[in-house]
Amino acid sequence: MTVPSSLDLLTHRLELLRAERAAAMTDSLRDVTGDVADRATNVEASIRLQLLDERIALLELEIEELQRPRDSAAEGVVAVGDVVRVDLGDGPEEYVVGSVEQSAAGVPTITPGSPVGRAIVGSAVGSTVAYEPRPGVRVEVRILATGRELAPSA
């Protein structure tokens, strides 16, 4: 499986969000004269602008994390931005540990804030960790490999 560069994907998504933000900014600067419906559109554009600002800030942090050199002591430990090979019980599968932005782009992704993401980030290769996808259901995942880019498995 070929996984696009996380950095390239996130940088591209950041450019798109910044363009979308510029358009939202234009909408939010509409003339405040007019009736209630005109002003409601302005409020909606302002809310959209705030949401875009939050997404942009999160992407900038994630890009910064990807550009930071990995600590040699952390090799073999799952980190955000890694490609990880895991076994969820049905055999090996590869995912990028990353953002919803990557998942939306069609990249098989485990987000760090998801139950499985919280379980595997910081865990070592070879370990088996458990998580609860919903209350009362326990799933184990074995971490087989991790790195910025994994070689094809034999």
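Q: How many of the 154 residues of the protein chain count as buried, in percent?
A: The share is 32% of the 154 residues; buried means under 20% relative accessible area, with a 1.4 Å probe and protein chains only. The model is predicted: local features need pLDDT of at least 70, side-chain atom pairs count only at pLDDT 80 or more, and totals for chains, interfaces and linings use all residues. Residues are numbered from 1 along each chain as its sequence is written, and side-chain values use heavy atoms, without hydrogens and water.

Q: What makes up the secondary structure of the protein chain?
A: Helices (H or I, at least four residues) and strands (E, at least two) are DSSP runs, numbered from the N terminus. By that rule the protein chain has four helices and five strands, in the order α-α-β-β-α-β-α-β-β.

Q: Which residues touch the most other members of the largest nonpolar core?
A: They are V78, V84, V116, I120 and V141, in a core of 13 residues.

Q: What does V116 touch, not counting residues up to four places away in sequence?
A: V116 touches L88, I110, Y131 and V141, where contact means heavy atoms within 4.5 Å.

Q: Which residues does the second, separate core include?
A: This core of 10 residues includes L17, L52, I56 and L59.

Definitions and conventions
Buried < 20%, exposed > 50% of the residue type's maximum accessible area, 1.4 Å probe, protein only. Core = buried A, V, L, I, M, F, W, Y, C linked by side-chain atoms within 4.5 Å.
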